[in-house]
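This report concerns a model with its sequence and coordinates shown below.

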There are 2 protein chains.
Amino acid sequence: MVPVTAADASRETPLGVIASQPSLAPSAGPGTDGAHTDGARTDGVRTDGGPADGAPADGGPLAVAAPGVPPVSVPPAAVVPGGSATADEDALSALLALLGADLEACNRAIVARMDSPVRLIPQLAAHLVAAGGKRLRPMLTLACARLCGYPPGEAPAGAPGDTPEDGTGAAGLRHVHLAACVEFIHTATLLHDDVVDESRLRRGQASANAVFGNKASVLVGDFLFARAFQLMVEDGSLRVLAILSQAAATIAEGEVLQLATQNDLGTPEDRYLDVIRGKTAALFAAACEVGAVVAARPAAEEAALADFGMNLGIAFQLVDDALDYAADQVLLGKTVGDDFREGKITLPVLLANAAGDAAERSFWQRTIEASEQTEADLDTALALMSRHGAIAATLDRAGSYAAAAQAALGMFPDTPLRRALAGVCDYTVRRAR
Amino acid sequence: MVPVTAADASRETPLGVIASQPSLAPSAGPGTDGAHTDGARTDGVRTDGGPADGAPADGGPLAVAAPGVPPVSVPPAAVVPGGSATADEDALSALLALLGADLEACNRAIVARMDSPVRLIPQLAAHLVAAGGKRLRPMLTLACARLCGYPPGEAPAGAPGDTPEDGTGAAGLRHVHLAACVEFIHTATLLHDDVVDESRLRRGQASANAVFGNKASVLVGDFLFARAFQLMVEDGSLRVLAILSQAAATIAEGEVLQLATQNDLGTPEDRYLDVIRGKTAALFAAACEVGAVVAARPAAEEAALADFGMNLGIAFQLVDDALDYAADQVLLGKTVGDDFREGKITLPVLLANAAGDAAERSFWQRTIEASEQTEADLDTALALMSRHGAIAATLDRAGSYAAAAQAALGMFPDTPLRRALAGVCDYTVRRAR
């Protein structure tokens, strides 16, 4: 891959050309549910590689990137506990239906706070808006806050009472603003990831760095990161600030560790897990934990939700890493084998290499460690993984983490919302089967 | 310039080679003043282009990058008010002598908090340590806190009393930790700047991106930024968090605006000033303001110190922009004309273009707007600037901002520390004369 220099980018896409940017105003979506205002979405891109976005298993309305396509409205009653095959396909839809107004408010906050007098910032943001996205992480914050009975006046019947927390954020909307903050951290990470990975595509569209250049992606990522902290400061809870600033540091450590393990087949599985815990699961965990914090729940519930998010995030990344060797490019919106070409150390590679004979290990050394690859090598890699069941084993591992995530929800009342979150765990794994 | 891909970087400088990294422990410097522990320094790099570092006008011990060279110890008595030519050459030394123990503690905090189990992070940090640096921004935080009588028990005779602030940081050391935090934000910005500018040199040494690759620079920058916020959260003051998170967002906006104005000779002077206010002066202002905040001073003093920092920062960047067309490469530790080659819009260019005739404007359009340059063009640019006095006019402008910065100190008692800060204003401009 050829890195884009700023000079290249400015020649390819002079900034003036972007004048036809999509409106940043949160225009009402075509559906009846206010949460489906696609125009207000900005993520469209993911920290973890991308497979699920746009895949049919996404199912729900949030997967509909093209404006004008009516979203499917799934009433909460359609969600059944446990996670049967029919139910988990609609898991995100079910969650969305339960969080509709909250997510709409979150989308408005995202659009409002991405603005800046420096036009290139909303321009680049608009590119992300146009790319669509499913807002999984902010939905986790919203759902966990609601699961804990926040805001107190609107708690579901039977939910425990609420006590004031140290935050000073807008009454009843703290979860909304913190969900936006989580999405900003996620989006900043994505922008920097695409620069680091030299990605040209996200969700099947040109990535921000491909359109605007690496320079703009680095700097707008910095802006969004700073803006995330401003949102947290406005919320006013030092607990929330501690959780999310720790998560931000852990994400960066995970990304650096991934860089350090690149091309190194000697990477132990534990270190690979450290990478995905850092680069992906830490933000899932923090997104969930702050939901409990705004509701001022006991430490055990905070810990349970952090645990839920951490396990869900690990499962999510394991599935992503499996899909990079298993899914159709059209479904993924990206090229199959990106990880392979980059020499990224993921579990499918580690498992196939460990199970291989001398000739196979020599293949992996040449392709992954020495980065010497021919056109036919990806097919060989897929065949070797299939021979040793490396993808299936990775997905089994993901299933264990998803089950652990579901188990962490056990201390909460059995409500439609808890069932929807459990459904997301099933969906996370089943999207790859 | 050719961007360094991660693959290139790992081939050029395998991480294992960095094993001979300088010790991260704050080893005692060769001088008698504890503040001169060069081994503990990590900035060595600047957000704003670099000219002053290593230039003889730096004078004081902090300019001594090479270990083993004894620093010059300048007692406070050597500082005279006002800023005569002899005094301002020693301005940084004078400030350093007054802040010795504080700066030493700050250096220890920087080294301790740059550590991470992910080895590449302290490795890259060690590279910055080895590059040396004068720690101007953290010194401003330390000096402004002391100027405001923080910590209360150690206030100079005659300084007003102190009241508790909302922070929960370590008693008497809040200014030290916040100074470290300011330096982390600065260093993160530098790392990303060098990626954006495709710089190969900082202070005459290979820049971090040249050694470790753009990827590591982006990600370690993210880590340092997150770590800065963790330090602020530990301090516990929401006021401090608000000031520094706002500054971080403003810095990013300034950098993006600079990118947007690149190659555009139609950039109004006001917009150029917005760029340098954002990319440089905002952090100077915040660094100074938080000094007043930890001392719990009245709003007028906070505002005066923010004003001082903002004006000093603008002066500093104006001088940097002048030096890019005026100084010797050996003195700068970088190539003269970097801004010219990048098509950066700075005041010397705007002034020369505005004063030029048709042929001259056509020269600027070709070289700056169209980026079509030959070897001889830099000399022509220098000659045109000289003809129209563009450098002198830029430095005059810097002088006005430096004077405004000095004036902002007027409400504080006339102490050696205030005089040293006034001396820094003079030094900032005179280093270029």
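## Overall makeup

The model is predicted. Chain A contains 18 helices and two strands. Of its 433 residues, 63% count as buried. Among the contacts in chain A with a separation of 6 or more, 79% are accounted for by residues 24 or more positions apart.

## Relation of the two chains

Chain A is superposed on chain B by a rotation of 180° with 0.0 Å of shift along the axis, at an RMSD of 0.0 Å. This is the relation of a two-fold axis.

The interface agrees between the copies: 100% of the interface residues of chain A are also interface residues in chain B, so the copies meet through the same surface.

## The interface as seen from chain A

In the interface, 40 residues of chain A are in contact with 42 residues of chain B. Four elements of chain A each give two or more residues to the side that touches chain B, namely α4 (120-131), α6 (174-197), α8 (214-235) and α9 (238-261). The largest share of that side, 14 residues, comes from α9(A). By class, the side of chain A that touches chain B has 27 nonpolar, eight polar and five charged residues.

## Helices α5 and α10 of chain A

In general, two packed helices are described by the angle between their axes and the distance between the axes. For helix α5 (residues 136-147) and helix α10 (residues 269-294) of chain A, the axes come within 7 Å and cross at roughly 30°. Angles under 35 degrees count as roughly parallel, and α5(A) and α10(A) are therefore roughly parallel to each other. Their crossing is right-handed.

On the α5(A) side, the contact involves Arg137(A), Leu140(A), Thr141(A), Cys144(A), Ala145(A) and Leu147(A). These residues meet Leu283(A), Phe284(A), Ala287(A), Cys288(A), Val290(A), Gly291(A), Ala292(A) and Val294(A) of α10(A). The contact of α5(A) with α10(A) comprises 11 nonpolar, two polar and one charged residues.

## Helices α11 and α18 of chain B

In chain B, helix α11 (residues 299-323) packs with helix α18 (residues 416-430) at an angle of about 20°, and their axes are 8 Å apart. The two helices α11(B) and α18(B) are therefore roughly parallel to each other. The crossing in which α11(B) passes α18(B) is left-handed.

Helix α11(B) makes the contact through Leu312(B), Ala315(B), Phe316(B) and Val319(B), and helix α18(B) through Cys425(B), Thr428(B) and Val429(B). By class, the residues of this contact divide into six nonpolar, one polar and no charged.

## Two individual residues

Glu183(B) lies in helix α6 (residues 174-197) of chain B. A residue is buried if 20 or more other C-beta atoms lie within 10 Å of its own. Glu183(B) has 29 C-beta neighbours inside 10 Å and therefore counts as buried. Its C-alpha atom is separated by 8.4 Å from that of Ala228(B), although Glu183(B) and Ala228(B) are 45 residues apart along the chain.

Thr380(A) belongs to helix α16 (residues 377-387) of chain A. With 14 C-beta neighbours inside 10 Å, Thr380(A) counts as partly exposed. The C-alpha atoms of Thr380(A) and Glu302(A) are separated by 46 Å, and these two residues are 78 residues apart along the chain.

Note on methods
Residues are numbered from 1 along each chain as its sequence is written. Chains are lettered from A and ligands numbered from 1 in the order in which they are written. This is a predicted model: local features need pLDDT of at least 70, side-chain atom pairs count only at pLDDT 80 or more; totals for chains, interfaces and linings use all residues. Copies are superposed by least squares on the C-alpha atoms of residues with pLDDT of at least 70 in both. Two residues are in contact if their C-beta atoms, placed from the backbone, lie within 7 Å. Ala, Val, Leu, Ile, Met, Phe, Trp, Tyr, Cys and Pro count as nonpolar, Asp, Glu, Lys and Arg as charged, and the others, Gly among them, as polar. Axes are lines fitted to C-alpha atoms, for helices over the stretch in contact, and angles run from 0 to 180 degrees between N-to-C directions. Angles under 35 degrees count as roughly parallel, over 145 as roughly antiparallel, 65 to 115 as roughly perpendicular and the rest as oblique. A crossing is left-handed if the near helix is turned anticlockwise from the far one by less than a right angle, and right-handed if clockwise. A residue is buried if 20 or more other C-beta atoms lie within 10 Å of its own, exposed if 12 or fewer, and partly exposed in between; C-beta atoms are placed from the backbone.
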